[in-house]
Amino acid sequence: MIKSMTRSSVLNRTDYRSMLAGNEAYSPSDFELISTTILGSAQASVTFDVSALASTYKHLQIRIAAQSTTTNDNVDMYFNNDTGTNYSWHSLYATGSAIGADYSVNRAGIPESPAVLASSYNTFTACVIDILDPFSTSKYKTSRTFNGRAVSAGYYVSLSSGNWRSTSAITSIKLQGRSNNINTGSRFSIYGLKG
Amino acid sequence: MPTSTYIPLANLTLGSAQSSITFSSISGSYRDLILVCTGTSATGSNWTVRPNNDSGSNYASVYMYGSGSTAGTGTETLTEAFGGGIGTSTISNSIFQIMDYSATDKYKTILNRTNRTDDATYAWANRWASTSAITSLVVRCYNGANFNTGSTFALYGVAA
């Protein structure tokens with residue numbers, strides 16, 4: 001791809017064999033934005049169809065800024081619409097006044113994807129989720145999450161890991177409010193990392 | 001069509017000690033910013049960032065840390081967004097994730113992970129209570145100490 005032609009490359013009459021002569025080489029990143037959803041109205045969930053990505057990407061990252069509608073809530077993550085108790089989860093968390101750990105095994109979905117506040121607090125929880133080897137058919141799937149928000153009504157920061165006990169390649173990722181809708185303005189972006 | 005992203009916007013290695021770094025005229029064409037810092041400081045402090053050089057009382061922060069012998073948590077409501085500790089000899093690595101930085105309809109949430117092997121590992125969440133788009137970032141030590149020569153600062157844009 002030619003980005004621009006430099007004057008010297010035209011006038012110096014040098015024979016270049018490269019179409020990029022005179023231009024800085026374009027090196028595409030191996031980290032690519034696949035899609036972004038910004039909610040124009042509150043809705044129960046956001047789903048990413050990743051069924052066509054297995055041949056292109058090694059890992060996935062989801063970046064989120066979200067809030068709930070009426071009350072504080074949790075966004076749970078499901079793979080391939082599996083709502084069975086096929087997930088495990090561990091968390092290290094802090095609220096500013098307490099630090100602790102939490103876990104659950106044989107649960108439905110991976111929580112804190114993210115942990116969200118009611119819209120009345122005017123604060124979006126930031127969340128970065130890494131899903132490692134999502135398309136492998138020889139291993140269970142692992143996710144790691146960093147999420148947090150800072151407001152006096154609900155300080156929270158956590159590092160957590162999730163596990164989906166399935167060797168199926170992930171074809172869809174659903175992020176669903178557990179009790180409430182996810183509020184307008186919440187943003188969900190998914191990225192692929194080539195390997 | 002996928003968009004190649006995680007674009008390096010600026011990269012700086014200090015040739016001499018200085019008290020702050022400013023990234024200005026930040027394009028609004030990305031979704032998030034990622035600021036990667038490594039370095040030491042003249043005296044021990046915390047990494048901090050000020051969006052648009054706002055030094056008003058417009059910030060809230062919560063943190064947790066583990067030092068190997070102690071785990072702790074706390075909150076701050078000060079005049080900048082916080083990261084973990086920076087020291088005088090052992091390199092500290094600190095990564096700020098600034099989400100939806102150019103949005104004008106929401107306050108900004110900034111996550112931080114900091115690691116320093118002679119101190120602790122940290123996780124922070126911050127809120128900058130402004131709906132202004134972030135067009136500049138000032139990076140500094142909370143106590144105003146100089147960053148030492150060799151400290152590095154790299155700013156990346158993640159596609160919208």
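This is a predicted model: local features need pLDDT of at least 70, side-chain atom pairs count only at pLDDT 80 or more; totals for chains, interfaces and linings use all residues.
Residues are numbered from 1 along each chain as its sequence is written, chains are lettered from A and ligands numbered from 1 in the order in which they are written, and side-chain values use heavy atoms, with hydrogens and water left out.

**Exercise 1. The contact between the chains**

**Exercise 2. The largest pocket**

Task: Describe the volume of the largest pocket and the residues that line it.

Solution: A pocket is found on a 1 Å grid over the protein atoms alone, as an open set of points where a 1.4 Å probe fits, with protein on both sides within 12 Å along at least five of seven lines, and lining residues have an atom within 4 Å of a point. The volume, taken as the space filled by probe spheres set on the points, is about 530 Å³ for the largest pocket. Its lining holds 24 residues, and those nearest the centre are Q61(A), V128(A), D130(A), R144(A) and Q97(B). Among the elements that give two or more residues are β8 (125–132) of chain A and β10 (108–116) of chain B, while β3(A) supplies the largest share, four residues; strands here are DSSP runs (E, at least two residues), numbered from the N terminus.

**Exercise 3. The eight-stranded sheet of chain B**

Task: Give the strand order of the open sheet of eight strands in chain B, and explain why β2 and β7 each have a side without a neighbour.

Solution: Strands count as paired if DSSP finds at least two bridges between them, and the order is then β2-β13-β4-β9-β10-β11-β6-β7, with antiparallel pairing. Because β2 (7–13) and β7 (71–76) of chain B stand at the edges with a single partner strand each, one side of each is left without a neighbour in the sheet. Within the sheet, β4 (residues 30–39) of chain B and β9(B) are joined by seven bridges in the antiparallel sense, and G39(B) stands opposite S92(B).

**Exercise 4. Backbone exceptions in chain A**

Task: Locate the cis peptide bond from S113(A) to P114(A), and the positive phi angles of N81(A) and D133(A).

Solution: As a starting point, most residues other than glycine have a negative phi, and most peptide bonds are trans. The bond from S113(A) to P114(A) is cis, with omega near 0°, and P114(A) belongs to the loop between β6 (99–107) and β7 of chain A. N81(A), which is not a glycine, has a positive phi of about 55° and is placed in the loop between β4 and β5 (87–94) of chain A. D133(A), also not a glycine, has a positive phi of about 50°, and its place is the loop between β8 and β9 of chain A.
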